[in-house]
Amino acid sequence: MRWEGRGGDAVPLPRACSVGVMQAPPWAFGGAREKSGGAALSAGRLPWERPPGGSGAVPALPLPGRRPTSPAGGCMGHCFPRVVLRVLLRPSPPARARPRVLGLESVPLAKRPRGSLMAPPRIGTHSGTFHCDEALACALLRLLPEYRDAEIVRTRDPEKLASCDIVVDVGGEYDPQRHRYDHHQRSFTETMSSLSPGKPWRTKLSSAGLIYLHFGHKLLAQLLGTSEEDSVVGTIYDKMYENFVEEVDAVDNGISQWEEGEPRYVLTTTLSARVARLNPAWNQPNQDTEAGFKRAMDLVREEFLQRLDFYQHSWLPARALVEEALAQRFQVDPSGEIVELAKGGCPWKEHLYHLESGLSPPGTIAFVIYTDQAGQWRVQCVPKEPHSFQSRLPLPEPWRGLRDEALDQVSGIPGCVFVHTSGFIGGHHTREGALSMARATLAQRPVPKPPTNSLVQ
């Protein structure tokens, strides 16, 4: 038999109270009420206590397996003070789990304490269009115990970012002591080689690479179930960077894969490579490929349908916007080298290259301006080729990597927001400001020298 105790928790009667009837004597209440001011105990009445304002004997409480007697029968010499009853009826505390015994090669991973009043940690990153590097950075952090329940705060508000425990890919500062991991500032040139001497990789780090650099060993030790000092962790750490993370770093920083005939980094996440990895590993006991082939069909079908949906509903409608922008280019700027898209975010590059060849009068476009998701204006340089990171005319080098007031002073254009460190894109609060950034860049373009005649007469 169980009774409802204080707070609604059901508590069993202890074995020590093996009597037929329990009746709290008056002295068990009187002294306690006097000490408590007369009302405190009534709020926590035990089930057999007389309700406030009641009269008569306290009702008897029958025990399981015994025939109850009348209240007049007394307590058979086994009366307990109310305080003792509360102690006896208090539920036993839950048994604590024994700590897991670790081997000498293992190091327990610290967990962030979780109190009832402690909010989960906050990971800050930028709002708007997301990219692979901050998505990977946040995903890696959430694999760690201390950030497993972390809230992802996507914002560009400095005050909100300041309240975050860790900030990636935004904020304009790299300070691992304060857990600030941005790579967009002009002063940032770090690579795996520069921050971890002895490592061979010289690709500029993105937020993904920074998080991997600072947390990778700990994360891999956690996932592999070993210590950070285990040589296996170091081996896999290098392999995962070279064949997974470095690609993300390079693409986000606009670094071309090929330079002078040698690839600067490897691409291992193509669709064909992902399908190939669904085959059984050479040392798996089960070499059946049927289940893997079904997963491969699901994977490529999803990719195919996603791409078809993109071309039908996004890429094709964007052609009309690019056609209209090209037709109106001289109204945007007399040079005819700046076009304005009616809606930002559309895939314009392939359409521009295709339509540019039929322009009359002939010409090439240097800049595209448009609004982003937040309503601010962007000025983007047209690449030399559709998939190139090299711009036809990048924004001036002194502007690159600067933001806000610092950029205003160097450019002489008030209201600037940023210029990317590679110079391929910049931002401004207004349309006129974005136009001014493009026009200033056109004005600074070096005048091509006329070809020299090699025949001297």
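This dialogue walks through some features of the predicted model shown above.

Visitor: What should I know about the model before reading it?
Guide: This is a predicted model, so local features need pLDDT of at least 70 and side-chain atom pairs count only at pLDDT 80 or more, while totals for chains, interfaces and linings use all residues. Residues are numbered from 1 along each chain as its sequence is written, and side-chain values use heavy atoms, with hydrogens and water left out.

Visitor: How many helices and strands are there in the protein?
Guide: The protein has 14 helices and 14 strands. Both are DSSP runs, numbered from the N terminus: helices are H or I with at least four residues, strands E with at least two.

Visitor: How do I read a sheet?
Guide: Strands of a sheet pair through backbone hydrogen bonds, either parallel or antiparallel. Here, two strands pair if DSSP finds at least two bridges between them. Five strands form an open sheet, ordered β4-β3-β5-β7-β6, with mixed pairing. β4 (151-154) and β6 (174-175) stand at the edges with a single partner strand each, so one side of each has no neighbour in the sheet.

Visitor: Which strand is joined to β3 by two bridges?
Guide: Strand β5 (residues 166-168) is, and it runs parallel to β3 (residues 122-125). Isoleucine 123 has isoleucine 166 in β5 as its bridge partner.

Visitor: Which strands does helix α4 lie across?
Guide: Helix α4 (residues 132-142) lies across β3, β4 and β5, at about 170 degrees to β3. Axes are lines fitted to C-alpha atoms, for helices over the stretch in contact (heavy atoms within 4.5 Å). Angles run from 0 to 180 degrees between N-to-C directions.

Visitor: And salt bridges?
Guide: Side chains of opposite charge can pair when their charged atoms come close. The cut-off is a side-chain nitrogen of Lys or Arg within 4 Å of a carboxyl oxygen of Asp or Glu. A search of the whole structure finds 16. One of them joins arginine 301 and aspartate 298, at 3.1 Å from N to O. These residues are three apart in helix α10 (residues 290-327), so about one helical turn separates them.

Visitor: Is arginine 301 buried, exposed or partly exposed?
Guide: Arginine 301 is partly exposed, at 47% relative accessibility. Aspartate 298 is also partly exposed, at 38%. Buried means under 20% relative accessible area, exposed over 50%, partly exposed in between (1.4 Å probe, protein chains only).

Visitor: How much of the protein is buried?
Guide: Of its 457 residues, 36% count as buried.
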